[in-house]
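Subject: Structure for you to look at

Hello,

I am passing on the structure we spoke about. Please look it over first; my notes follow below.

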Amino acid sequence: MDNDTARPRRQFLTVRDVTKTFQIGADSVEALRRVNLTMDKGEFVCLIGASGCGKSTLLRIIAGFEQPSSGQVSVYEHPVTGPGSDRGMVFQDYALFPWMTVRENISFGPRQKGLPKERIRAITDEYLNMVGLANFSDRFPQQLSGGMKQRVAIARVLANECEVLLMDEPFGALDALTREKLQQELLEIWTRTRVTVIFVTHSVEEAVVLSDRVVVMTAGPGRIEADIPIELARPREVSAIDFNQVRRDITLRLTSHVASRSVALAA
Amino acid sequence: MSQSSITTAPAASGIAAGAAMPGRVWPQERAQGILLAIAFPVALVVLWHLLVVMSGTRLVPTPYRVGVMMYDFAFGGVYDDAFSGTIVIHLLASMQRVYGGFALAIIIGIPLGLLIGKVRIIRQMLDPTLSLLRPIPVTAWLPLSMIFFGLGPRSAVFLVFLGAFYPILLNTIFGVRSVDLRLFEAASMLGCDGSRMFRQVVLPAATPSIFNGLRLAHGFAWILIVVGEMTGVPTGLGSVIMDGRTLSRTDLVITGMIVIGVAGFITDRIIVSINNRVLRWSPQHHG
């Protein structure tokens with residue numbers, strides 16, 4: 001991050017006054033109310049909150065899969081109107097094309113652009129190596145473990161030269177060991193590519209390990225409760241005292257809100 | 001439908017790969033399978049023989065008599081009548097009609113199914129009419145098809161087409177409708193849209209279901225050939241069976257039935273092997 005405050009910084013990604021209301025039968029549910037968020041290029045931001053706080057909805061709106069009921073998302077002041085290759089989503093359930101090999105999945109984006117064959121091959125090889133799956137390039141997704149599938153999903157959007165990596169609880173379905181390994185790999189990839197990351201999670205530890213900023217969201221209706229910069233030096237050690245301090249602070253913010261809400265509901 | 005993209009249970013990390021694929025079949029297991037597959041029909045033939053002999057019926061021939069008829073039908077030299085050595089003529093005639101009608105059903109059924117499955121206005125326009133026409137038995141179309149296409153092979157092709165069309169259409173629609181929505185989202189964020197989406201996502205994702213439809217439709221196609229060839233064509237296995245019935249030659253009827261069974265079986269195996277090759281990414285869809 002630069003400290004150059006003399007000239008106005010051009011915001012990379014802005015979410016301005018985004019509200020989202022879902023119509024469920026006769027009821028309308030307010031999933032997001034007047035959410036504002038700005039991000040710099042290359043930042044790693046985690047969205048955290050209890051189920052139903054609208055964090056996934058916000059991510060899907062940024063991806064362009066959902067339209068906000070009001071407000072706007074823009075990338076470099078270009079309003080987002082639909083899915084685009086500048087924003088790549090990594091889904092919790094991978095969403096790989098099961099009929100394509102690992103190589104074909106990763107080269108999907110470059111192939112859509114109609115790049116020359118050698119160029120596609122070079123890009124695909126680069127990302128296959130980056131996620132350590134060069135030896136598995138001819139496997140089908142069904143022949144891979146969960147962790148490997150998620151590596152393919154990450155490589156697939158990076159190969160498409162996305163500028164923002166949108167990750168919707170990407171490691172939520174993985175076992176603890178694989179999860180930790182992938183967190184480290186993701187940080188390495190982030191350091192190397194300097195891609196901007198928005199990462200949805202409900203694990204405080206994961207958020208603190210990974211991000212520059214933790215955005216805490218609360219439910220009913222979904223809105224941003226706090227925006228906390230994480231200033232711990234990297235690489236971060238989960239057993240360190242200062243790490244625990246930060247983790248405790250964030251957990252408190254999350255639970256105090258839940259507690260006050262349940263008191264309000266009980267009253 | 002078991003689309004593999006929805007995986008809730010995490011597989012073990014590291015090299016768990018390969019485990020998802022079916023293991024190699026051991027030679028003796030394979031031999032046992034083939035033996036069992038042969039033993040059962042052999043037992044049926046023995047039972048058939050015993051029942052005919054013990055009941056003393058003259059209406060049903062023994063397997064041996066059918067075997068002789070089959071030989072004569074294939075090579076001639078036994079009865080030397082109108083049917084001797086004519087198997088190739090009849091088989092080819094029937095195959096042309098079956099595959100003609102089947103191919104027509106594929107050419108129309110798959111693209112139409114993709115469109116109905118994916119494009120809402122086309123579904124709204126065509127689905128009610130098609131659903132209304134579907135319950136009408138193919139045999140009920142026989143008189144009209146004879147008026148439309150005359151007394152000849154084209155009428156048989158039309159009936160086969162009608163019978164094969166609906167399984168292909170419905171399975172294609174089902175295949176498209178059950179594609180995981182995330183795959184469309186993933187494709188669109190990677191820059192895929194419009195007609196490319198059809199070719200690169202909709203069609204391959206619907207393939208397992210389409211092949212189901214093809215196998216069903218192929219079965220119906222052979223079923224309907226007998227009906228189709230009742231329309232007064234002089235050749236074809238259906239017409240042989242009809243002639244056998246008129247002449248009270250049950251051995252001829254059963255011979256025709258067996259030839260249809262074998263031809264259908266072989267084609268089904270061919271479809272299955274294409275299926276396994278095309279769907280090598282999804283072992284649970286292997287036939």
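This is a predicted model: local features need pLDDT of at least 70, side-chain atom pairs count only at pLDDT 80 or more; totals for chains, interfaces and linings use all residues.

Cysteines

Across all chains, the search of the whole structure turns up zero disulfides. A disulfide would need the two sulfur atoms within 2.5 Å. A:Cys53 has a relative accessibility of 1% and so counts as buried. B:Cys192 is buried as well, at 2% relative accessibility.

Nonpolar core

The largest nonpolar core contains 149 residues, and A:Phe97 and A:Leu165 have the most contacts inside it. Helix α8 of chain B (residues 194-228) supplies the largest share of this core, with 15 residues. Leaving aside residues up to four places away in sequence, A:Leu165 touches a set of chain A residues, including A:Gly88, A:Val90, A:Val157, A:Leu186 and A:Ile198.

A buried glutamine

A:Gln183 belongs to helix α6 of chain A (residues 176-193). Its relative accessible area is 7%, so A:Gln183 is buried. When residues up to four places away in sequence are not counted, A:Gln183 touches A:Phe171, A:Glu206, A:Val209 and A:Leu210.

Salt bridges

Side chains of opposite charge can pair when their charged atoms come close. The count here comes to 26 salt bridges over all chains. Three of them are described below.

The side chains of A:Glu66 and A:Lys20 form one of these, at 4.0 Å from N to O. This pair links distant parts of the chain, 46 residues apart: A:Lys20 is in strand β1 (residues 13-24) of chain A, and A:Glu66 is in the loop between α1 (55-63) and β4 (70-75) of chain A. A:Lys20 counts as buried, at 10% relative accessibility.

A:Glu161 and A:Lys113 also meet in a salt bridge, at 3.7 Å from N to O. A:Glu161 lies in the loop between α5 (146-159) and β7 (164-168) of chain A, and A:Lys113 in the loop between α3 (108-112) and α4 (117-130) of chain A, so the pair ties together parts that are 48 residues apart in sequence. A:Glu161 is exposed, with a relative accessible area of 52%, whereas A:Lys113 is partly exposed, at 39%.

In chain B, B:Arg182 forms a salt bridge with B:Glu185, and the closest N and O atoms are 3.7 Å apart. Both residues lie in helix α7 (residues 181-189) of chain B, three residues apart, which is about one turn of the helix. B:Arg182 is partly exposed, with a relative accessible area of 27%, while B:Glu185 counts as buried at 14%. Through shared partners, salt bridges join A:Lys20, A:Arg60, A:Glu66, A:Asp93, B:Arg182 and B:Glu185 into one network.

Surface patch

On the surface, a nonpolar patch is formed by B:Ile34, B:Ile38, B:Phe40, B:Val42, B:Leu44, B:Val46, B:Leu47, B:Leu50, B:Leu51 and B:Met54, with about 1,000 Å² of accessible area together. One of these residues, B:Val46, is found in helix α1 (residues 27-55) of chain B. B:Val46 is partly exposed, with a relative accessible area of 45%.

Regards

Definitions and conventions:
Residues are numbered from 1 along each chain as its sequence is written. Chains are lettered from A and ligands numbered from 1 in the order in which they are written. Side-chain values use heavy atoms; hydrogens and water are left out. Patches are made of residues with over 30% relative accessible area and no salt bridge: like charges are joined within 9 Å, nonpolar side chains (Val, Leu, Ile, Met, Phe, Trp, Tyr) within 5 Å. Accessible areas come from the Shrake-Rupley method with a 1.4 Å probe; for residues, only the protein chains shown count as cover. Helices (H or I, at least four residues) and strands (E, at least two) are DSSP runs, numbered from the N terminus. Buried means under 20% relative accessible area, exposed over 50%, partly exposed in between (1.4 Å probe, protein chains only). A nonpolar core is a set of buried Ala, Val, Leu, Ile, Met, Phe, Trp, Tyr and Cys residues joined through side-chain atoms within 4.5 Å. Contact means heavy atoms within 4.5 Å.
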